Amino acid sequence: MIELKAGYRICTAGWQRVLINNTLHTLTPGKMQLLSPAFMIEELDQSEDFLFLELTGDVQMLFPTMRSVLPEWIPSILEHPMVKIDSELIDDTRRSIAEIAALNEQIATSPDTSQATVINKLIEVTTLKAILNIFYQAFCLKPLPLIGGKTVSPVILQFFASLHLNFAQHRDVAWYASQANMSTGYFSRSIRKTLGKSPSQIIALFVTQTAKSLLKKSEKSIKEISQELGFPEQFTFRKYFKVHTGMSPTHYRKAARLGSI
């Protein structure tokens, strides 16, 4: 099962170009990029000296808390995937990451299972606190300059969030249209008008980007990846991947590890 994460990434050196919901953004020092299932993120390229800090937590833990304590600011947060932040927030993130690393070190050196369980909970709480704090500071307490922000239709946000949660079981446009209480035709026109791509193209792009990430970063077999992505058999996955990328999963994995793509 793919674990869904949400949080943020802060650039500390260099740059990275990313597509967020089909809009081009450049992450540079002093900018924070939000990470959320409401965003379809495609990393395009980056400078050789690109460095970043990243803090993410389980969506199932983070989202309910955000809805509880930051309800009126959620639309602003989701509509602006990149913001400028000051050095104090960057320092806060460094401290939080160091604290979490120290807790992980305690788990690694502790033979006590019950103690490890408690420490894991402390890690969850520390992560949640850090993410909520930076969101509160950036969007609620003293709103900072927004970058590339524009109003995003609730239909779009729901589509991306639902896609992240359900893509392994549902890859048909009609299902997502039904979740939005729209006809398939009207839903497709709404998505294309806003994003410049059809829902089927976005679904395929998301599935292949997820597959690429697993092929490149994990040691899972092609069979395991095809099962994780909801394909009934390897052949179906191989065919789907090649249709949408122009190469087989095996070829992509070899090329990615050689650094040729």
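Modeller: On a 1 Å grid over the protein atoms alone, a cavity is a set of points where a 1.4 Å probe fits but cannot get out, a pocket is an open set with protein on both sides within 12 Å along at least five of seven lines, and lining residues have an atom within 4 Å of a point. This is a predicted model, where local features need pLDDT of at least 70, side-chain atom pairs count only at pLDDT 80 or more, and totals for chains, interfaces and linings use all residues. Residues are numbered from 1 along each chain as its sequence is written, and side-chain values use heavy atoms, without hydrogens and water.

Biologist: Which element gives the largest share of the lining of the second largest cavity?

Modeller: The search of the whole structure finds 2 cavities of 30 Å³ or more. Two elements give two or more residues each, helix H5 (154–166) and helix H6 (173–179); helices (H or I, at least four residues) and strands (E, at least two) are DSSP runs numbered from the N terminus. The largest share, 4 residues, comes from H5.

Biologist: How many charged residues line the largest pocket?

Modeller: About 1,300 Å³ of space lies in this pocket. It has 34 lining residues, with Ile 41, Glu 43, Gln 209, Ser 213 and Lys 217 nearest its centre. Helix H8 (199–217) is one of the elements that supply at least two residues, and its 8 residues are the largest share. By class, the lining has 14 nonpolar residues, 9 polar ones, and a charged count of 11.

Biologist: Which residues are linked with Glu 43 in a network of salt bridges?

Modeller: The structure holds 7 salt bridges, each a side-chain nitrogen of Lys or Arg within 4 Å of a carboxyl oxygen of Asp or Glu. Glu 43 meets Arg 9 at 3.1 Å, N to O. That pair joins strand E5 to strand E1, 34 residues apart. The residues networked with Glu 43 are Arg 9 and Glu 54.

Biologist: Is Arg 9 buried or exposed?

Modeller: Buried means under 20% relative accessible area, exposed over 50%, and partly exposed in between (1.4 Å probe, protein chains only). Arg 9 has a relative accessible area of 10%, so it counts as buried.

Biologist: What is the N to O distance between Arg 17 and Asp 45?

Modeller: Arg 17 sits in strand E2 and Asp 45 in strand E5, 28 residues apart. Arg 17 is partly exposed at 30%, and Asp 45 is partly exposed at 31%. Their side chains meet in a salt bridge at 2.9 Å.

Biologist: In E7, which residue is the bridge partner of Gln 33?

Modeller: An open antiparallel sheet of 4 strands runs E6-E1-E4-E7, where strands pair if DSSP finds at least two bridges between them. E6 and E7 are its edge strands. E4 and E7 pair over 3 bridges. The partner of Gln 33 in E7 is Met 82.

Definitions and conventions. Grid points are joined across faces, edges and corners, and a volume is the space filled by probe spheres set on the points. Ala, Val, Leu, Ile, Met, Phe, Trp, Tyr, Cys and Pro count as nonpolar, Asp, Glu, Lys and Arg as charged, and the others, Gly among them, as polar.
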